[in-house]
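Welcome! Please keep the picture beside you as you read.

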Amino acid sequence: MSNIIGIVNYGVAGNIHSVKKAIEKAGGETLVINSASDFKSVDKLVIPGVGSFKSSMKELESDGFIDLIKGFHKPILGICLGMQLLAKIGYEHGRTDGLNLIDAEVKPILCDAKIPHMGFQKIQVINSNKLLKDIEKEEFYFMHSYEMINYTNILALTSYGNHSFVCSIQKDNIYGVQFHPEKSRQAGIKLLSNFIQLENN
Amino acid sequence: MNTRIIAKLDVKPPYVVKPVHFEGLRKVGEPAHLAKKYFDQGADELFYIDIVSSLYQRNILSSDIIKTASELFIPFAVGGGVKTVDDFSNLLHMGADKVVINSFAVQNNPNIINIAAEIFGNQAIVVNIEAKKWKKNWECYTDCGRIQSGKDVIEWAKDVQQRGAGEILLQSVDHDGRRRGFDIDLATRVVNSVDIPVVVASGAGSLEDISKLIKVANPSGIALASLLHYDQLTIKDIRNYLRNEGLMT
């Protein structure tokens with residue numbers, strides 16, 4: 001059975017290279033999705049993230065990817081901004097509609113500490129799950145100024161500057177992590193390997 | 001949150017070099033090899049600065065960057081001669097997570113920071129400040145500490161934050177490569193002047209220098225070069241020491 005991991009390439013801002021090599025390190029076969037026709041060749045979807053909410057949604061729209069992501073019924077993993085894009089609305093550089101797959105909004109992190117939140121940090125698993133299996137106690141690399149605000153579908157939290165925020169979500173086939181598994185040493189590779197091993201139905 | 005420990009490679013392709021006072025280059029190894037070594041030691045991040053591309057007005061070499069990124073599963077910031085949105089985009093596509101900019105923003109057009117932040121997000125924009133003491137203040141230098149800008153370091157730090165920089169790499173032209181301690185006054189002033197993370201480089205010569213910097217200035221990260229290049233200490237040694245001092249968990 002094929003198990004090809006599609007990595008959504010949405011223009012100028014994605015860190016495709018890092019995500020691709022980390023998935024390959026985790027034992028996955030990858031296909032970078034450059035056009036709408038590539039979606040039918042893949043069994044899982046990773047939405048990487050470096051960029052801003054507004055420009056990324058614009059890119060996804062002009063590439064014709066929005067409906068294809070929404071209609072994808074096998075496992076999806078959103079990373080950092082890729083997770084945030086799953087939300088209903090984002091407020092980075094103005095209000096922008098997101099993919100609306102998760103009932104959430106994306107807003108600036110409001111806390112006493114320095115922003116962006118950058119560095120390795122432990123997570124606190126709220127609902128045990130297959131994605132974070134065996135790495136619940138590890139630390140992961142965060143690099144963001146915005147957070148996803150939601151009250152359902154939460155897998156894990158992290159706290160920073162006395163402020164607790166959502167760092168992993170799941171709803172049915174859709175997963176998201178605020179941190180960067182591709183930048184989180186062995187623990188991140190293990191997370192990607194967990195994702196690769198999810199069933200494709 | 002723990003202070004990030006970052007290994008910094010100053011590259012004059014095809015070698016990592018170590019300038020003293022930003023002058024007098026010494027070869028210390030190949031970028032990909034050293035990157036792997038510091039990743040294995042447990043570095044939190046890697047900075048790769050092509051220190052001659054701006055001075056020679058040429059583009060940064062892509063093959064070395066791709067090779068360096070290939071075995072690295074930690075954040076990777078790359079800079080050197082960055083001028084345009086395309087430069088940012090190209091470096092991010094080569095495997096950089098953050099792009100470091102200095103000369104062009106200080107000397108030519110600071111708006112590049114605003115434009116890049118809007119497209120790539122604040123977290124992807126690192127502004128490198130090369131500070132040199134002048135009377136009671138510090139002035140921004142560029143092109144590896146060679147060219148003056150007339151800009152005050154503190155004012156510029158506040159300005160780049162306003163424009164959307166996600167982080168500041170603070171180097172000291174006076175202290176760099178001497179391994180006699182950081183410019184703690186400079187670091188404290190800059191850290192306290194901005195709300196974005198500041199990574200302090202230049203001058204680490206001992207474990208005590210590092211703990212003193214953390215105690216007094218408490219930057220988000222420290223960038224180390226000579227200390228690691230000459231195997232004086234490993235990142236593991238530093239972490240263990242800081243844990244014992246109660247400065248790290």
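## The eight-stranded sheet of chain A

In which order do the eight strands of the open sheet in chain A stand? The order is β2-β1-β3-β4-β14-β13-β12-β9, with mixed pairing. Strands count as paired if DSSP finds at least two bridges between them, and the elements themselves are DSSP runs numbered from the N terminus: helices are H or I with at least four residues, strands are E with at least two. At the edges are β2 (29-33) and β9 of chain A, each of which pairs on one side only.

Before going further, a word on the source: this is a predicted model, in which local features need pLDDT of at least 70 and side-chain atom pairs count only at pLDDT 80 or more, while totals for chains, interfaces and linings use all residues. Residues are numbered from 1 along each chain as its sequence is written, and chains are lettered from A and ligands numbered from 1 in the order in which they are written.

Start at β9(A), residues 124-125, which runs antiparallel to β12(A), residues 154-160, and is joined to it by two bridges. Here Gln124(A) stands opposite Leu157(A). On to the next pair: six bridges link β12(A) with β13(A), residues 163-171, again in the antiparallel sense.

β12(A) and β13(A) form a hairpin with two residues between them. In its turn, Gly161(A) has a positive phi of about 55°.

## The four-stranded sheet of chain A

Chain A also has an open sheet of four strands, in the order β6-β5-β7-β11 and with mixed pairing. Its edges are β6 (96-97) and β11 (146-149) of chain A; each has a single partner strand, so one side of each is left without a neighbour in the sheet.

Within this sheet, β5(A), residues 89-90, and β7(A), residues 105-108, pair in the parallel sense over two bridges. Ile89(A) stands opposite Glu105(A) in β7(A).

## Helices that pack

In chain A, how far apart are the axes of α1(A) and α5(A)? They are 8 Å apart, and the two helices pack at an angle of about 75°. Axes here are lines fitted to C-alpha atoms, for helices over the stretch in contact, and angles run from 0 to 180 degrees between N-to-C directions. The angle makes α1(A) roughly perpendicular to α5(A), since 65 to 115 degrees counts as roughly perpendicular, under 35 as roughly parallel, over 145 as roughly antiparallel and the rest as oblique. Ala22(A), Ile23(A) and Lys25(A) of α1(A) make the contact with Gly188(A), Ile189(A) and Leu192(A) of α5(A); two residues are in contact if their C-beta atoms, placed from the backbone, lie within 7 Å.

Chain B has a helix pair as well: α1(B), residues 31-41, and α2(B), residues 62-69, pack at an angle of about 25° with their axes 8 Å apart. That makes α1(B) roughly parallel to α2(B). Pro31(B), Ala32(B) and Ala35(B) in α1(B) meet Asp64(B), Lys67(B) and Thr68(B) in α2(B).

## Where the chains meet

How many residues of chain A are in contact with chain B? There are 31, and they touch 28 residues of chain B. On the chain A side, the elements that give two or more residues are α1, β8 (117-122), β10 (139-144) and α5 (185-196). Helix α1(A) gives the most, with five residues.

## Backbone details to look for

Most residues other than glycine have a negative phi, and most peptide bonds are trans. With that in mind, look at the cis peptide bond between Ile115(A) and Pro116(A), where omega is about 0°. Pro116(A) lies in the loop between β7 and β8 of chain A. Another cis peptide bond joins Pro13(B) and Pro14(B), with omega of about 5°; Pro14(B) is in the loop between β1 (4-12) and β2 (15-20) of chain B.

Arg185(A), in helix α5 of chain A, has a positive phi of about 55° although it is not a glycine. Is Arg185(A) buried or exposed? Arg185(A) counts as buried, because it has 20 C-beta neighbours inside 10 Å; the cut-offs are 20 or more other C-beta atoms within 10 Å for buried, 12 or fewer for exposed, and in between for partly exposed, with C-beta atoms placed from the backbone.
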